[in-house]
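Dear colleague,

Please find the structure for your course work below.

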Amino acid sequence: MNRSSFLASASIAAVAGTAVRAADAIPGGTHFVERRADFDMAAFESAVDRPGVQVRQVWETVAFHPQVLGNIKNSLNGLQFGFGHAPSQIAMVVAAHGPSGAYNYTDEIWTKYRIGEAFNLKDAQGNAVTSNVFLKPAKALAAGADPDDPNGIYQDTSIETLQSRGVVWLTCHTAVEEQARTLVKGGFAPSGMTANDVAADILTHLIPGTHVVPAMVAAIAVLQSRHRYAYTTITFA
(Lines give C-alpha, C1' and ligand atoms only; values in the text may rest on other atoms or scores of the structure.)
Protein backbone atom coordinates (compact mmCIF):
# COMPACT_ATOMS: atom_id res chain seq x y z
CA MET A 1 0.00 0.00 0.00
CA ASN A 2 1.44 3.40 -0.96
CA ARG A 3 1.55 6.29 1.51
CA SER A 4 -1.45 8.09 0.01
CA SER A 5 -3.61 4.98 0.17
CA PHE A 6 -2.47 4.31 3.72
CA LEU A 7 -3.28 7.85 4.86
CA ALA A 8 -6.67 7.70 3.14
CA SER A 9 -7.47 4.38 4.81
CA ALA A 10 -6.32 5.66 8.17
CA SER A 11 -8.45 8.76 7.76
CA ILE A 12 -11.52 6.70 6.90
CA ALA A 13 -10.88 4.40 9.85
CA ALA A 14 -10.53 7.37 12.18
CA VAL A 15 -13.79 8.86 10.97
CA ALA A 16 -15.51 5.51 11.29
CA GLY A 17 -14.12 5.08 14.78
CA THR A 18 -15.35 8.52 15.74
CA ALA A 19 -18.79 7.69 14.38
CA VAL A 20 -18.90 4.48 16.37
CA ARG A 21 -17.84 6.27 19.55
CA ALA A 22 -20.42 8.96 18.92
CA ALA A 23 -23.16 6.36 18.42
CA ASP A 24 -22.12 4.60 21.60
CA ALA A 25 -22.37 7.89 23.49
CA ILE A 26 -25.99 8.52 22.45
CA PRO A 27 -28.46 7.19 25.06
CA GLY A 28 -30.61 4.59 23.34
CA GLY A 29 -28.44 4.52 20.22
CA THR A 30 -29.14 5.82 16.74
CA HIS A 31 -31.79 3.41 15.46
CA PHE A 32 -35.34 4.68 15.05
CA VAL A 33 -36.42 1.65 17.12
CA GLU A 34 -34.09 1.27 20.09
CA ARG A 35 -32.33 -2.09 20.28
CA ARG A 36 -31.75 -4.12 23.43
CA ALA A 37 -27.99 -3.68 23.06
CA ASP A 38 -28.43 0.10 23.27
CA PHE A 39 -30.74 0.09 26.31
CA ASP A 40 -29.11 0.63 29.69
CA MET A 41 -31.27 -1.90 31.48
CA ALA A 42 -29.07 -1.98 34.56
CA ALA A 43 -29.42 1.77 35.15
CA PHE A 44 -33.17 1.60 34.58
CA GLU A 45 -33.59 -1.31 37.01
CA SER A 46 -31.45 0.41 39.62
CA ALA A 47 -33.49 3.60 39.37
CA VAL A 48 -36.95 2.04 39.59
CA ASP A 49 -36.45 -1.03 41.79
CA ARG A 50 -34.90 0.27 45.00
CA PRO A 51 -34.88 -1.96 48.09
CA GLY A 52 -37.18 -1.14 51.00
CA VAL A 53 -39.81 0.60 48.86
CA GLN A 54 -43.41 0.08 49.94
CA VAL A 55 -45.31 2.39 47.58
CA ARG A 56 -44.56 2.67 43.87
CA GLN A 57 -46.31 5.10 41.55
CA VAL A 58 -45.80 5.86 37.85
CA TRP A 59 -47.22 9.03 36.34
CA GLU A 60 -47.92 8.97 32.62
CA THR A 61 -48.03 12.46 31.16
CA VAL A 62 -48.50 12.99 27.43
CA ALA A 63 -50.44 16.21 26.82
CA PHE A 64 -48.51 19.22 28.08
CA HIS A 65 -50.12 20.32 31.35
CA PRO A 66 -47.47 21.57 33.84
CA GLN A 67 -50.12 21.42 36.59
CA VAL A 68 -49.27 17.73 36.83
CA LEU A 69 -46.07 18.70 38.66
CA GLY A 70 -48.26 19.96 41.50
CA ASN A 71 -50.14 16.66 41.55
CA ILE A 72 -46.86 14.76 41.85
CA LYS A 73 -45.81 17.03 44.71
CA ASN A 74 -49.17 16.47 46.43
CA SER A 75 -48.82 12.71 46.13
CA LEU A 76 -45.36 12.78 47.69
CA ASN A 77 -46.64 14.93 50.55
CA GLY A 78 -49.70 12.77 51.10
CA LEU A 79 -47.68 9.58 51.21
CA GLN A 80 -44.98 11.04 53.47
CA PHE A 81 -46.93 13.20 55.88
CA GLY A 82 -50.43 11.73 55.71
CA PHE A 83 -49.84 8.00 55.28
CA GLY A 84 -46.55 8.14 57.18
CA HIS A 85 -44.21 6.57 54.62
CA ALA A 86 -40.58 7.58 54.91
CA PRO A 87 -39.15 9.03 51.66
CA SER A 88 -37.00 5.91 51.29
CA GLN A 89 -40.19 3.83 51.16
CA ILE A 90 -41.62 5.78 48.20
CA ALA A 91 -40.68 5.21 44.56
CA MET A 92 -42.14 7.61 42.02
CA VAL A 93 -41.51 7.68 38.27
CA VAL A 94 -42.61 10.26 35.70
CA ALA A 95 -43.27 8.67 32.30
CA ALA A 96 -43.25 11.80 30.14
CA HIS A 97 -43.67 11.33 26.40
CA GLY A 98 -45.37 13.06 23.53
CA PRO A 99 -45.24 16.85 24.04
CA SER A 100 -44.52 16.31 27.75
CA GLY A 101 -41.19 14.76 26.83
CA ALA A 102 -39.95 18.36 26.61
CA TYR A 103 -39.75 18.47 30.42
CA ASN A 104 -36.55 16.46 30.01
CA TYR A 105 -34.92 18.76 27.44
CA THR A 106 -32.27 21.28 28.39
CA ASP A 107 -32.59 25.00 27.60
CA GLU A 108 -30.17 24.49 24.71
CA ILE A 109 -32.66 22.14 23.02
CA TRP A 110 -35.67 24.31 23.84
CA THR A 111 -33.96 27.33 22.26
CA LYS A 112 -32.23 25.69 19.31
CA TYR A 113 -35.35 23.93 18.01
CA ARG A 114 -37.96 26.42 19.30
CA ILE A 115 -39.64 23.57 21.15
CA GLY A 116 -42.47 25.70 22.54
CA GLU A 117 -43.38 27.00 19.11
CA ALA A 118 -42.88 23.68 17.34
CA PHE A 119 -45.16 21.72 19.68
CA ASN A 120 -47.52 24.53 20.69
CA LEU A 121 -46.43 24.53 24.33
CA LYS A 122 -47.79 27.68 25.97
CA ASP A 123 -47.60 29.36 29.34
CA ALA A 124 -50.57 30.62 31.39
CA GLN A 125 -50.65 33.80 29.31
CA GLY A 126 -50.87 31.88 26.05
CA ASN A 127 -47.30 32.58 24.95
CA ALA A 128 -44.99 29.90 23.58
CA VAL A 129 -42.66 28.60 26.28
CA THR A 130 -39.09 29.43 25.26
CA SER A 131 -37.02 27.50 27.81
CA ASN A 132 -37.29 24.75 30.38
CA VAL A 133 -38.75 26.95 33.11
CA PHE A 134 -39.93 23.81 34.91
CA LEU A 135 -36.46 22.53 35.79
CA LYS A 136 -35.25 24.79 38.58
CA PRO A 137 -37.08 26.35 41.55
CA ALA A 138 -38.53 29.74 40.66
CA LYS A 139 -37.29 31.18 43.95
CA ALA A 140 -34.89 30.42 46.76
CA LEU A 141 -36.37 27.75 49.01
CA ALA A 142 -36.58 28.29 52.75
CA ALA A 143 -34.64 26.02 55.05
CA GLY A 144 -36.56 23.76 57.41
CA ALA A 145 -38.94 20.86 57.14
CA ASP A 146 -42.39 22.41 57.55
CA PRO A 147 -44.59 20.92 54.79
CA ASP A 148 -47.01 23.87 55.16
CA ASP A 149 -44.35 26.46 54.29
CA PRO A 150 -45.26 27.82 50.82
CA ASN A 151 -41.60 28.75 50.32
CA GLY A 152 -40.21 25.39 51.38
CA ILE A 153 -39.14 22.27 49.51
CA TYR A 154 -42.40 20.43 50.15
CA GLN A 155 -44.48 22.98 48.24
CA ASP A 156 -42.06 23.43 45.34
CA THR A 157 -42.95 21.77 42.04
CA SER A 158 -39.72 22.22 40.08
CA ILE A 159 -38.27 19.10 38.47
CA GLU A 160 -34.97 19.46 40.36
CA THR A 161 -36.79 19.63 43.69
CA LEU A 162 -38.93 16.62 42.82
CA GLN A 163 -35.79 14.76 41.78
CA SER A 164 -34.19 15.63 45.12
CA ARG A 165 -37.18 13.94 46.76
CA GLY A 166 -36.54 10.75 44.79
CA VAL A 167 -38.70 11.19 41.69
CA VAL A 168 -37.22 9.49 38.60
CA TRP A 169 -37.79 10.96 35.13
CA LEU A 170 -37.91 8.82 32.00
CA THR A 171 -37.37 9.87 28.39
CA CYS A 172 -38.98 7.96 25.52
CA HIS A 173 -36.50 7.13 22.75
CA THR A 174 -39.32 6.57 20.26
CA ALA A 175 -40.87 9.96 21.06
CA VAL A 176 -37.54 11.72 20.56
CA GLU A 177 -37.06 10.05 17.17
CA GLU A 178 -40.57 11.01 16.09
CA GLN A 179 -40.21 14.58 17.33
CA ALA A 180 -36.89 14.92 15.51
CA ARG A 181 -38.65 14.14 12.24
CA THR A 182 -41.36 16.66 13.05
CA LEU A 183 -38.78 19.36 13.82
CA VAL A 184 -36.96 18.80 10.53
CA LYS A 185 -40.15 18.64 8.49
CA GLY A 186 -41.53 21.78 10.14
CA GLY A 187 -38.38 23.80 9.53
CA PHE A 188 -37.45 24.12 13.21
CA ALA A 189 -34.08 22.39 12.85
CA PRO A 190 -31.03 24.28 11.57
CA SER A 191 -30.47 23.94 7.83
CA GLY A 192 -28.67 20.77 6.83
CA MET A 193 -29.55 18.75 9.93
CA THR A 194 -31.22 15.40 9.39
CA ALA A 195 -33.75 13.78 11.72
CA ASN A 196 -30.98 11.47 12.93
CA ASP A 197 -28.81 14.49 13.73
CA VAL A 198 -31.61 16.16 15.67
CA ALA A 199 -32.50 13.01 17.62
CA ALA A 200 -28.85 12.49 18.58
CA ASP A 201 -28.61 16.14 19.64
CA ILE A 202 -31.69 15.88 21.87
CA LEU A 203 -30.65 12.57 23.42
CA THR A 204 -27.24 13.96 24.35
CA HIS A 205 -28.75 17.14 25.84
CA LEU A 206 -31.25 15.81 28.34
CA ILE A 207 -31.55 17.22 31.85
CA PRO A 208 -29.37 15.40 34.41
CA GLY A 209 -30.86 12.28 35.93
CA THR A 210 -33.26 11.24 33.18
CA HIS A 211 -33.26 7.64 31.94
CA VAL A 212 -33.91 6.85 28.27
CA VAL A 213 -36.28 3.92 27.69
CA PRO A 214 -36.97 2.27 24.31
CA ALA A 215 -40.69 3.15 24.26
CA MET A 216 -42.60 4.76 27.11
CA VAL A 217 -45.73 2.69 26.66
CA ALA A 218 -43.56 -0.43 26.94
CA ALA A 219 -41.74 0.94 29.99
CA ILE A 220 -45.06 1.58 31.74
CA ALA A 221 -46.07 -2.04 31.12
CA VAL A 222 -42.79 -3.22 32.65
CA LEU A 223 -43.18 -0.90 35.63
CA GLN A 224 -46.70 -2.19 36.30
CA SER A 225 -46.21 -5.90 35.66
CA ARG A 226 -42.66 -6.46 36.88
CA HIS A 227 -42.06 -3.71 39.43
CA ARG A 228 -45.60 -3.32 40.86
CA TYR A 229 -46.02 0.39 40.11
CA ALA A 230 -49.50 1.86 40.47
CA TYR A 231 -50.47 3.68 37.28
CA THR A 232 -51.63 7.30 37.48
CA THR A 233 -52.54 9.83 34.83
CA ILE A 234 -54.39 13.13 35.18
CA THR A 235 -57.00 14.40 32.73
CA PHE A 236 -57.31 18.16 32.61
CA ALA A 237 -60.44 19.93 31.42
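A residue is called buried when its relative accessible area is under 20%, exposed when that area is over 50%, and partly exposed in between, using a 1.4 Å probe and protein chains only. By this rule, buried residues make up 41% of the 237 residues in the protein.

The model is a predicted one, in which local features need pLDDT of at least 70 and side-chain atom pairs count only at pLDDT 80 or more, while totals for chains, interfaces and linings use all residues. Residues are numbered from 1 along each chain as its sequence is written, and side-chain values use heavy atoms, with hydrogens and water left out.

Helices and strands are DSSP runs numbered from the N terminus: helices are H or I with at least four residues, strands are E with at least two. The protein has nine helices and five strands. Their order along the sequence is α-α-β-α-β-α-α-α-β-α-α-β-α-β.

The axes of α7 (residues 173–185) and α8 (residues 195–203) come within 8 Å and cross at roughly 130°. Axes here are lines fitted to C-alpha atoms, for helices over the stretch in contact, and angles run from 0 to 180 degrees between N-to-C directions. Angles under 35 degrees count as roughly parallel, over 145 as roughly antiparallel, 65 to 115 as roughly perpendicular and the rest as oblique; α7 is therefore oblique to α8.

Next come the loops. Most residues other than glycine have a negative phi. Asn120, which is not a glycine, has a positive phi of about 60°. This residue lies in the loop between α5 (115–118) and α6 (159–164), and Asn120 counts as exposed because its relative accessibility is 54%. Arg228 likewise has a positive phi of about 60° without being a glycine. The loop between α9 (216–225) and β5 (230–232) holds Arg228, which is exposed with a relative accessible area of 57%.

Pro147 is found in the loop between α5 and α6. Its relative accessibility of 21% makes Pro147 partly exposed. Pro147 and Gln80 are 67 residues apart in sequence, and their C-alpha atoms are 10.0 Å apart in space.

On a 1 Å grid over the protein atoms alone, a cavity is a set of points where a 1.4 Å probe fits but cannot get out, whereas a pocket is an open set with protein on both sides within 12 Å along at least five of seven lines; lining residues have an atom within 4 Å of a point. Grid points are joined across faces, edges and corners, and a volume is the space filled by probe spheres set on the points.

The largest pocket has a volume of about 270 Å³. It is lined by 15 residues, of which Val133, Ala138, Asp156, Thr157 and Ser158 are the closest to its centre.

The structure holds one cavity of 30 Å³ or more. The largest cavity has a volume of about 30 Å³, and its lining includes Ala142, Gly144, Asp149 and Tyr154.

Yours sincerely
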